[in-house]
Amino acid sequence: MTNNKPANQQTSRPASSPRVNAYNYRNLDVWEMAQNVAADVILLTRDLPRDAAALAITRQMVRSAGSIGANIAEGHGRYSLGAYKNHLSIAKGSACETDSWLDLLKRTGLIAAESEQRLHERMLSLIALLTSKIRALEEKARQTVGIREDAAEYFTAGDEIDE
């Protein structure tokens, strides 16, 4: 027996549920959104035909959709802002790829325009949230970057130092 309810209705965390560990990627709203979208993509592909073209698109789309949450989680587990930002950028690329595959399914008549539109809107929200997180990390990195050495160490007694 299959449950065709969208994943965002099946697995989303209730607003009142406690966060066990604040430094856990599973507590990130962006990760939760990515996982729900990936689950909905998987559910959508279950009813697609099994011809070679549909199978090729399905494989690519499931991979790219699954990659979104995986990269968010992996980046969150890294020790540097740069690595986290890079993984969020990869996740954003995978979200764009997934959205492109959805469009192709619609153009070839393999899914209804309404189904594509619903997932497309969710993909756009996810892409916007990833973009916001990337920009926030860029700003945080700018604020924490500083010179770690005294510039005067690199000058000889006769050099002028402009400060």
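At 47% relative accessibility, Gly82 counts as partly exposed, because this class covers values between the under 20% of buried residues and the over 50% of exposed ones. Gly82 lies in helix α4 of a predicted model that contains 5 helices and 0 strands. Of the 163 residues in the protein, 32% are buried.

**Overall architecture**

- Along the sequence, the elements follow the pattern α-α-α-α-α.
- The helices number 5, and the strand count is 0.
- Buried residues account for 32% of the 163 residues.

**Gly82 and its spatial relation to Ala141**

- Gly82 is a residue of helix α4, and its relative accessibility of 47% places it in the partly exposed class.
- In sequence, Gly82 and Ala141 are separated by 59 residues.
- In space, the C-alpha atoms of Gly82 and Ala141 are 7.7 Å apart.

**Helix α2**

- Helix α2 spans residues 29-45 and has 17 residues.
- From its first C-alpha to its last, α2 reaches 24 Å, close to the 24 Å expected at 1.5 Å a residue.
- Helix α2 is largely enclosed by the rest of the structure, because 12 of its 17 residues are buried.
- The buried residues of α2 include Trp31, Val37, Val41, Leu43 and Leu44.
- Glu32, Asn36, Asp40 and Thr45 are also among the buried residues of this helix.

**Helix α3**

- Helix α3 has 25 residues, and its span from first to last C-alpha is 36 Å, close to the 36 Å expected at 1.5 Å a residue.
- At Ile68, α3 bends by about 25°.
- The N-terminal end of α3 is capped by Asp51, which places a side-chain oxygen 3.1 Å from the backbone nitrogen of Ala53.

**The second largest pocket**

- The volume of the second largest pocket is about 160 Å³.
- Its lining consists of Tyr23, Gly75, His76, Arg78, Tyr79, Ser80, Leu81, Tyr84, Leu137 and Lys140.
- The elements that contribute two or more residues to this lining are α3 (52-76), α4 (81-107) and α5 (113-144).
- By class, the lining of the second largest pocket comprises 5 nonpolar, 3 polar and 2 charged residues.

Key. Residues numbered from 1 in each chain as written. Predicted model: local features only at pLDDT ≥ 70, side-chain atom pairs only at ≥ 80, totals over all residues. Heavy atoms only, no water. 1 Å grid on protein atoms, 1.4 Å probe; cavity = no way out; pocket = protein on both sides within 12 Å on 5 of 7 lines; lining within 4 Å. Points joined across faces, edges and corners; volume = space filled by probe spheres on them. Helix = DSSP H or I, 4+ residues; strand = E, 2+ residues; numbered from the N terminus. Nonpolar A, V, L, I, M, F, W, Y, C, P; charged D, E, K, R; others polar. Expected span 1.5 Å × (residues − 1). Bend = angle between axes of the 7 residues up to and from the residue. Polar contact = N/O pair within 3.5 Å; in protein donor to acceptor, adjacent residues only side chain to side chain. Buried < 20%, exposed > 50% of the residue type's maximum accessible area, 1.4 Å probe, protein only.
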